[in-house]
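The stops below are meant to be selected one after another.

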Amino acid sequence: MFCCAERETRKKEFSFILLGLENAGKTAFLKRLMTNEFEAPTPTKGFSTHKFTYDGLTITLADTSGKKERRPYWSEYLHDKDGLIWVIDSSDENRIEESQVELKILVDEVVGPTDLPLLVLCNKSDKQGLSPAAIEARLGLKKLKSKYYSVQGCSAFKGNGVIDGFDWLLGACQPKKK
Ligand SMILES: Nc1nc2c(ncn2[C@@H]2O[C@H](COP(=O)(O)OP(=O)(O)OP(=O)(O)O)[C@@H](O)[C@H]2O)c(=O)[nH]1
Ligand SMILES: [Mg+2]
């Protein structure tokens, strides 16, 4: 519950970015969040932004290509973002290390020490794969310079975990109550 003054000054618009290796499910997550439906996506070309209303808030969500040749451009899209969403294909254990390397470069070298919230989505939980706890350990999240993160299992295909993860991110962007 917020008092009138708090309600009026609370931020109403948020801007986030979806990052992670190609095929992780970034676009599928975006579509599930916006429409509550699963639509088999085609690989994202470059970068696109999507604006929608969520829980009375205006959200701008940037979707990026996770292809290796596009990753050097990620840093250009981070400007003015309220938080990062890192998507993992939890059914693809062979690519966890590649994801760990890219996330470390992004957080430790590009973003740097910050309290910018980081939501790690362990997507494709409808398939057999690594648990969120195992992914947290394999990504070395506790050793990253940014300590403000949450790990969420989800399935863009089935829909579970999508809202829980996004609600954590929004909560992490709100001013903390004294
Ligand atoms: N089983 C299952 N498949 C999924 C899920 N999410 C995405 N997929 C599939 O995974 C593939 C990649 O999904 P995308 O959303 O295009 O992945 P992306 O991270 O946006 O990939 P790029 O745009 O190439 O960077 C597609 O074939 C999706 O249908 C999921 O939760 N479960
Ligand atoms: Mg995509």
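Begin by selecting S2 together with strand S3 (residues 57-64), which run antiparallel and are joined by 8 bridges; helices (H or I, at least four residues) and strands (E, at least two) are DSSP runs numbered from the N terminus, and two strands pair if DSSP finds at least two bridges between them. Within this pair, Ser48 stands opposite Asp63 in S3. Colour the turn next: the hairpin of S2 and S3 has 2 residues between the strands, and Asp55 there takes a positive phi near 55 degrees.

Before moving on, note that this is a predicted model, in which local features need pLDDT of at least 70 and side-chain atom pairs count only at pLDDT 80 or more, while totals for chains, interfaces and linings use all residues. Residues are numbered from 1 along each chain as its sequence is written, and chains are lettered from A and ligands numbered from 1 in the order in which they are written.

Now widen the selection to the whole sheet, which is open and holds 6 strands in the order S2-S3-S1-S4-S5-S6, with mixed pairing. Strand S2 (47-54) and strand S6 (149-153) stand at the edges with a single partner strand each, so one side of each is left without a neighbour in the sheet. Neighbouring strands of this sheet are turned by 20 degrees against each other on average, direction ignored, where axes are lines fitted to C-alpha atoms, for helices over the stretch in contact, and angles run from 0 to 180 degrees between N-to-C directions.

Which residues cover the two faces of S5? Select strand S5 (118-123) and you will find Leu118, Val120 and Cys122 on one side and Leu119, Leu121 and Asn123 on the other, all of them buried. A residue is buried if 20 or more other C-beta atoms lie within 10 Å of its own, exposed if 12 or fewer, and partly exposed in between, with C-beta atoms placed from the backbone. Because 6 of the 6 residues of S5 are buried, this strand is largely enclosed by the rest of the structure. In a regular strand the side chains alternate between the two faces of the sheet.

Strand S4 (residues 83-89) pairs with S5 in the parallel sense over 6 bridges; here Val87 has Leu121 as its bridge partner in S5, and Ile88 has Cys122. S5 and S6 also pair in the parallel sense, over 5 bridges, and the bridge partner of Val120 in S6 is Val151.

From S5, follow the chain to H4, which lies across S4, S5 and S6 and runs at about 140 degrees to S6. S5, H4 and S6 make a right-handed β-α-β unit, a crossover being right-handed if, with the strands pointing away from the viewer, the path from the first strand over the helix to the second runs clockwise.

In the loop between S5 and helix H4 (132-139), select Gly129, which counts as partly exposed because it has 19 C-beta neighbours inside 10 Å. Leaving aside residues up to four places away in sequence, Gly129 touches Ser90, Ser91, Glu93 and Lys124, a contact meaning that the C-beta atoms, placed from the backbone, lie within 7 Å. The C-alpha atoms of Gly129 and Ser90 are separated by 5.4 Å, although the two residues are 39 apart along the chain.

H2 is mostly covered, 7 of its 10 residues being buried, and the cover includes strand S1 (13-19), S2, S3, S4, S5 and helix H5 (162-173). Asn36, which follows H2, has a positive phi near 55 degrees.

Show ligand 1 itself: of the 22 residues around it, Gly25, Ala28, Thr44, Gly66 and Phe157 come nearest, a residue being near a molecule if its C-beta atom, placed from the backbone, lies within 6 Å of it. By class, the shell has 8 nonpolar, 9 polar and 5 charged residues, where Ala, Val, Leu, Ile, Met, Phe, Trp, Tyr, Cys and Pro count as nonpolar, Asp, Glu, Lys and Arg as charged, and the others, Gly among them, as polar.

Finish with His79, found in the loop between S3 and S4, which counts as exposed with 8 C-beta neighbours inside 10 Å.

Definitions and conventions:
Two residues are in contact if their C-beta atoms, placed from the backbone, lie within 7 Å.
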